[in-house]
Amino acid sequence: MNLTEFNQSDRCEHFSCPERSGSPAVYILLYVCSAAVVLLTLCGNMLVIISVLHFKQLHTPTNMLVLSLAVSDFLVGALAMPPTLIWAVESCWIFDKRYCISFFMISYILSSLSIYNIVLIAVDRYLALSNPFLYMNTISSRTMCIVVFTSWCASLMYNVSLCYFNRSFTRSVMCPGECYLFLNEVWTVIDLVITFIFPCSIIIILYTRVFVIAKKHATAIRELNNHTRPKTQKITSHSMKSERKAAKVLGILVSVFLMCLLPYFIYSLLGDVIELQTETFQKVFIVLYLNSTINPVIYALFYPWFRRCIKLIITLRIFQTDSALINILS
């Protein structure tokens, strides 16, 4: 997550916030659209959070990871997305230097959390499909909560270390109206490996294996459907179908995430060889954050249980007695 360091004294002499061009109506429209995106992000992920926390049937190991991802996406919408969109609309950083540093720290913590939540989802799906019986006997919701908590702590510690050991950006003098984070060359390589190359490699490798296993399961299910099966075989077939469907939906989730993540890291890599442009930097940040808006939409499109949960939440039926025990998976 690096930005090329440059001669700031020369740049600050020539930098000034551009004057607004266009009618006030255009700016009002941009702010309304930005507010709508933030509101959609917050409401969509809050619905996921309430659903997983409230309904007992959703207290599964996989959904603990979905919950963790929804929480990080909600925080993106609440803490990272608003200043980024204001920055893009104004074409100028209107907040102070301290908030700029805090903004980058929060953004990097939440981005790394999202990345490693996706990694954990890939690992979870691989284990569930490669050995479903062992998975059901060894992986519990409590175990997954411990894994998620560890992931959050590790992300926090890593980004605090990034801030502490990379002193150059904390001592740098930023131009008024600009907001950049500077990493030295060593931390640039470390950060690239930890937050992009390593997790993305795991995601791609595991999901390649997941879809190979899912294809084998599909073949096995077709063979079972061609014969009279005892009850245990029917249960096994249903379980295999459920795991394949979960792998397919989460595969879409991962693919969208990688598409949103890739522009940012391409820009970070090219930052050492091309001249930085504020507008491009803002756009790749916005694309990265839009993934937090898209994720709940994916759940709504592909998960019938999520649509049922939304209906129960909107109609306030979740406040009824024993509403947590409502069957939403049938």
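Predicted model: local features only at pLDDT ≥ 70, side-chain atom pairs only at ≥ 80, totals over all residues.
Residues are numbered from 1 along each chain as its sequence is written, and side-chain values use heavy atoms, with hydrogens and water left out.

On the secondary-structure side, there are eleven helices and zero strands (DSSP runs: H or I of at least four residues for helices, E of at least two for strands). Of the 330 residues, 45% are buried, meaning under 20% relative accessible area with a 1.4 Å probe and protein chains only. Take the contacts (heavy atoms within 4.5 Å) between residues at least 6 apart in sequence: 78% of them join residues at least 24 apart.

Now for the helix pairs. Helix α2 (residues 24-54) and α3 cross at roughly 170 degrees, and their axes come within 8 Å; axes are lines fitted to C-alpha atoms over the stretch in contact, and angles run from 0 to 180 degrees between N-to-C directions. The pair is therefore roughly antiparallel (angles over 145 degrees). Residues in this α2 with α3 contact split into 23 nonpolar, five polar and two charged; Ala, Val, Leu, Ile, Met, Phe, Trp, Tyr, Cys and Pro count as nonpolar, Asp, Glu, Lys and Arg as charged, and the others, Gly among them, as polar.

Helix α3 (residues 61-90) also packs with helix α4 (residues 97-130), at about 155 degrees and with axes 9 Å apart. These two are therefore roughly antiparallel as well. Their contact comprises 17 nonpolar, seven polar and three charged residues.

How values were computed:
Buried < 20%, exposed > 50% of the residue type's maximum accessible area, 1.4 Å probe, protein only. Parallel < 35°, antiparallel > 145°, perpendicular 65-115°, else oblique.
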